[in-house]
Number of protein chains: 2
Amino acid sequence: MRAQTELDSHAPAAPASGAAPTLSELEIEAIDLFIGLIKLLGMPKSVGELYGLLFVSPTPLPMETLMDRLNMSKGSASQGLKLLRSFGAVKTVYVAGDRRDHYVAEFDLSRFASNFIKGELQPHLDSGLERIKRMEHLIQQFTPGERDTAENRLVRLRHWHEKGQAMVPWILKFLVS
Amino acid sequence: MRAQTELDSHAPAAPASGAAPTLSELEIEAIDLFIGLIKLLGMPKSVGELYGLLFVSPTPLPMETLMDRLNMSKGSASQGLKLLRSFGAVKTVYVAGDRRDHYVAEFDLSRFASNFIKGELQPHLDSGLERIKRMEHLIQQFTPGERDTAENRLVRLRHWHEKGQAMVPWILKFLVS
DNA sequence: CAAACTGTCCAGAAAAAAATGAACAAACCG
DNA sequence: CGGTTTGTTCATTTTTTTCTGGACAGTTTG
């Protein structure tokens with residue numbers, strides 16, 4: 001077992017006994033904050049915990065420390081970090097004399113947002129467009145009377161879709177600081 | 001039991017037997033589309049089904065019809081319609097000679113978005129700000145060396161928060177057509 | 001090379017979210 | 001009124017999502 005070498009006095013190391021490690025108030029606030037944000041984006045809370053703790057950590061942390069401090073299983077930590085890496089929300093850095101990967105939070109919001117949009121939002125917009133096209137095709141078989149209402153509504157749908165699509169680049173530009 | 005009086009030949013009524021009522025292709029596309037959208041917003045799929053069917057229905061539909069066509073329990077239908085009403089995504093209209101409420105979809109996107117933001121997004125932003133303030137307060141007790149990193153990060157957090165906050169009115173303006 | 005270490009993956013367990021259906025309240029009807 | 005229809009609420013069940021922990025593969029080390 002590796003010696004506990006964290007330097008942050010406000011991030012208490014595990015107590016003498018093998019009991020649950022404690023988190024500082026600052027860490028708890030950060031974790032809560034990011035749990036909220038992450039859940040809003042539809043991701044599991046463990047991901048928010050990981051990012052929250054890394055966000056306030058003054059030093060890079062290896063997975064083992066994250067597991068210990070957050071009382072989280074190896075599986076969750078590994079999967080969560082993988083997800084965070086895939087969004088560019090977290091990266092690994094080299095730490096001299098330690099074979100393990102050490103993680104630090106990335107603070108560049110725009111990269112995260114851009115990856116999130118590319119990975120989660122855009123596919124939805126695309127499949128939505130497909131559906132709209134299919135619906136437009138389907139109503140061709142309707143009698144004129146029926147077609148009117150349906151056509152009118154599909155026009156609106158297309159309108160929504162265009163708005164959504166048009167907003168994406170704008171949001172990205174807005175977030176680049 | 002009330003006679004089935006839907007007029008849309010593309011929205012087949014229940015078959016002669018008591019078997020599962022069928023949905024037209026158009027209805028299925030619409031429902032799938034809105035299930036996707038609604039889940040993206042973190043709401044249960046039943047809500048998407050309800051809105052999807054109402055979106056393409058040429059006539060107002062009572063809850064009973066929605067339940068039958070979607071194979072959905074009374075409880076889910078009632079709760080889902082309540083939620084949709086609360087966002088202004090759906091409203092009831094009077095239908096002569098029928099005591100039941102009849103529902104139609106609202107097509108005004110901006111009202112829905114504004115209610116969604118007010119109800120879901122803004123509270124998160126508010127509680128986030130509270131947390132940031134609390135964190136800023138907590139780091140006052142740190143020694144100068146520790147405080148630096150933390151302060152730097154909190155500045156970034158504030159920045160993110162301001163961006164999020166600033167984007168809300170812009171999105172609303174964008175969606176008003 | 002064997003033993004120890006690090007991290008991934010995935011089947012099963014646990015927790016969380018959503019759907020069900022029956023009890024209930026309210027409105028209507030004769 | 002008593003009976004019926006309509007819709008809401010909520011305790012329970014079902015479904016879905018998330019977490020866990022061990023098997024495993026790849027590396028490093030003595």
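The model is predicted.

Start with the interface between chain B and chain A. Here 45 residues of chain B are in contact with 45 residues of chain A. How much area is buried between the two chains? The value is about 4500 Å². Carbon and sulfur atoms give 74% of that area. The size of an interface is often given as the accessible area lost when the parts come together.

Now look for charged pairs. Side chains of opposite charge can pair when their charged atoms come close. Over all chains, a search of the whole structure finds 18 salt bridges. Across the interface of chain B and chain A, the rule finds 6 salt bridges. A:Glu29 forms a salt bridge with B:Arg134, and the closest N and O atoms are 2.8 Å apart. A:Glu29 lies in helix H1 (residues 25-40) of chain A, while B:Arg134 lies in helix H5 of chain B, so the pair joins two chains. A:Glu29 also meets the side chain of B:Arg131 in a salt bridge, at 3.1 Å from N to O.

Polar contacts come next. Between chain B and chain A, 11 residue pairs are in polar contact, with both residues at pLDDT 80 or more. Which elements of chain B give two or more residues to the side that touches chain A? They are helix H1 (25-40), H2, helix H5 (109-138) and helix H6 (144-175) of chain B. H6(B) gives the most, with 13 residues. By class, this side of chain B has 26 nonpolar, 9 polar and 10 charged residues.

Stay with H6(B) and find its partner in the other chain. Helix H2 (residues 45-56) of chain A crosses H6(B) at roughly 130°, and their axes come within 10 Å. H2(A) and H6(B) are therefore oblique to each other. From H2(A), the residues that meet H6(B) are A:Tyr51, A:Leu54, A:Phe55 and A:Val56. H6(B) answers with B:Arg153, B:Leu157 and B:Trp160. This contact of H2(A) with H6(B) has 6 nonpolar residues, no polar ones and 1 charged.

H2(A) packs against helix H3 (residues 63-70) of chain A at an angle of about 110°, with the axes 11 Å apart. H2(A) and H3(A) are therefore roughly perpendicular to each other. A:Glu49, A:Leu50, A:Leu53 and A:Leu54 in H2(A) touch A:Leu66, A:Arg69 and A:Leu70 in H3(A). The classes here are 5 nonpolar, no polar and 2 charged residues. Notice A:Leu54. A:Leu54 takes part in the contact of H2(A) with H6(B), and A:Leu54 also takes part in the contact with H3(A).

Finish in chain B. Helix H2 (residues 45-56) and helix H3 (residues 63-70) of chain B pack at about 110°, with axes 11 Å apart. That angle makes H2(B) roughly perpendicular to H3(B). H2(B) brings B:Glu49, B:Leu50, B:Leu53 and B:Leu54 to the contact. H3(B) brings B:Leu66, B:Arg69 and B:Leu70. By class, the contact has 5 nonpolar, no polar and 2 charged residues.

Terms used. Residues numbered from 1 in each chain as written. Chains lettered and ligands numbered in written order. Predicted model: local features only at pLDDT ≥ 70, side-chain atom pairs only at ≥ 80, totals over all residues. Heavy atoms only, no water. Axes fitted to C-alpha atoms, helices over the stretch in contact; angles between N-to-C directions. Helix = DSSP H or I, 4+ residues; strand = E, 2+ residues; numbered from the N terminus. Parallel < 35°, antiparallel > 145°, perpendicular 65-115°, else oblique. Contact = heavy atoms within 4.5 Å. Nonpolar A, V, L, I, M, F, W, Y, C, P; charged D, E, K, R; others polar. Buried area = accessible area lost by both parts, 1.4 Å probe. Salt bridge = Lys/Arg side-chain N within 4 Å of Asp/Glu carboxyl O. Polar contact = N/O pair within 3.5 Å; in protein donor to acceptor, adjacent residues only side chain to side chain.
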